[in-house]
Amino acid sequence: MSLFPKESVAAIAESIGLSLNDEVAALLLQDAEYRLREIVHEGTKFMRHSHRKTLTSADINSALAVRNVEPLYGFINGSPSSFKMTTQASQTLYYLDDQEYDLEDLMNRPLPPVPLDVTYSAHWLAIDGVQPRIVQNPTLAARAAAATTATARRGEKTAESQPEAPLVKEVLTKELQLYYEKITEMLMSDDVEIRSLAIESTSKDPGLQGLMPYFVQFIGSTVTQSLKSLEQLWTMMRFVRAILFNPDLDPEPYLHQLIPAILTCVVVKKLSAAASENHWSLRLYAAQLASHICVHYGGSYQTLQPRITKTLLRAFLDPLKPLATVYGSLAALAALGREVVEALIVPNVVALGMRLQSGLSAEVGSAAHEEAMMVRNMLVDTLAKHIKAETQAAGESRQAANGTDAEMMPAVKVGDLTDEQRGKWTKLLGPFSSDVFAKLHG
């Protein structure tokens with residue numbers, strides 16, 4: 001049974017001036033209905049592939065395009081078609097209520113406003129890595145809401161416990177680029193005064209935060225490539241100190257890149273082309289920089305000092321490492337404070353003394369004897385300071401309990417140690433006990 005009456009075909013034929021008998025109208029109706037079902041079936045395929053449950057006019061137009069048929073114009077998705085009913089020759093007909101426009105009215109209407117010209121405006125995307133809270137920059141709440149909405153549309157679960165940090169790409173101005181090129185050129189100069197001027201400028205200039213990643217990369221690559229140039233390594237360590245002590249710079253995000261360069265100057269096997277060069281001072285200087293980082297940034301990063309200490313202790317205890325490495329690690333461990341000396345250096349004094357015996361007994365003036373003496377002097381000085389500080393702390397606590405002013409205490413001498421304390425330290429210090437007590441007494 002046909003969905004449409006044959007009178008519909010006859011009415012359409014009459015609208016274009018044709019007269020059809022009932023048999024021809026019935027045949028045309030069957031063919032038209034077949035074509036219509038075919039188009040609707042093709043349109044449902046587009047509907048399913050679009051993950052929708054409602055057939056739209058766009059699906060019908062896509063089906064017509066597949067069949068090489070011109071699409072129907074005037075039908076918009078989402079707007080229902082408005083049909084009106086009329087009667088013609090005792091037949092009921094339905095037609096679309098298309099709005100008619102008078103051309104004269106359209107011409108007499110006022111013109112629409114002229115579109116605005118394309119303009120550009122500038123605003124700060126980030127200042128020193130921090131995004132300003134202005135209208136042009138979306139807030140974290142707006143960004144999180146947009147991400148939540150997009151995720152909900154995809155049907156995925158949102159991870160609210162892990163908010164995304166804003167990714168800001170730093171764009172250097174031409175002035176900063178020129179400054180970076182000039183500073184790096186001055187740091188690589190052979191003139192000491194020029195290098196000093198570059199370091200002094202870095203330590204005081206307040207607008208260099210954008211150059212921090214470039215400075216850190218420059219320091220790391222220069223230290224790696226200049227392990228036989230003591231003068232250049234000194235320049236890099238002074239440059240690191242200028243960055244750390246500049247009150248307007250924040251080196252905290254780049255510590256993980258700075259620390260390897262610093263520790264390299266502490267524990268590396270060779271820091272100069274000739275063994276006669278004074279690389280010991282550079283190791284001591286770099287050790288103080290490592291201590292400064294641990295003291296000032298250890299509170300923010302709980303694992304910072306333990307990781308540095310572990311690296312230094314491994315170099316300090318490794319019997320295959322040269323004495324220059326032992327000297328640097330010993331200086332750095334001593335700079336980390338009394339607790340580190342008490343826990344890591346004091347228990348290993350006897351073992352280190354046994355290792356130094358061969359060097360100390362070598363010919364005076366030889367490289368082996370000089371290295372052993374440098375380590376011995378560093379060890380004696382470290383232990384003497386540690387014993388003095390520990391004894392003073394104990395004396396202060398006793399005098400505080402007795403109500404005595406700690407500022408009136410005399411300097412600690414070896415005679416201030418009790419017999420029990422001297423026995424304890426003699427056992428712990430082994431062959432270095434006499435030298436340490438002499439240092440205290442002096």
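At 0% relative accessibility, I345 counts as buried (under 20% relative accessible area, with exposed meaning over 50% and partly exposed in between; 1.4 Å probe, protein chains only). Keep in mind that this is a predicted model, where local features need pLDDT of at least 70, side-chain atom pairs count only at pLDDT 80 or more, and totals for chains, interfaces and linings use all residues. Residues are numbered from 1 along each chain as its sequence is written, and side-chain values use heavy atoms, with hydrogens and water left out.

I345 sits in helix α14; helices (H or I, at least four residues) and strands (E, at least two) are DSSP runs, numbered from the N terminus. Along the chain, I345 and L317 are 28 residues apart, and their C-alpha atoms are separated by 9.7 Å.

Helix α14 covers residues 338-345, and its V340, V341, L344 and I345 are buried. These four take up an arc of only 100° around the axis, so they are on the same side of α14; the arc is that of the directions from the helix axis to the C-beta atoms. Over on the other side of α14, E339 and A343 are exposed.

## Helix α15

Next up is α15, residues 349-360. This helix has 12 residues and reaches 15 Å from its first C-alpha to its last, close to the 16 Å expected at 1.5 Å a residue (1.5 Å times one less than the number of residues).

Which residues of α15 are buried? They are V349, L352, G353, L356 and G359. Their arc around the axis is only 105°, which puts them on the same side of α15. M354 and S358 are exposed on the other side of α15.

## An open strand

β1 and β2 run antiparallel and are joined by 6 bridges; two strands pair if DSSP finds at least two bridges between them. F83, for one, has L96 in β2 as its bridge partner.

## The largest pocket

The largest pocket holds about 750 Å³ of space. Of the 24 residues that line this pocket, E7, S8, V9, A11 and I12 are the closest to its centre. Here a pocket is an open set of points on a 1 Å grid over the protein atoms alone, where a 1.4 Å probe fits, with protein on both sides within 12 Å along at least five of seven lines; lining residues have an atom within 4 Å of a point.

α1 (6-15), α2 (22-49) and β2 (91-96) each supply at least two lining residues, with α1 giving the most, 8 residues.

Key: Points joined across faces, edges and corners; volume = space filled by probe spheres on them.
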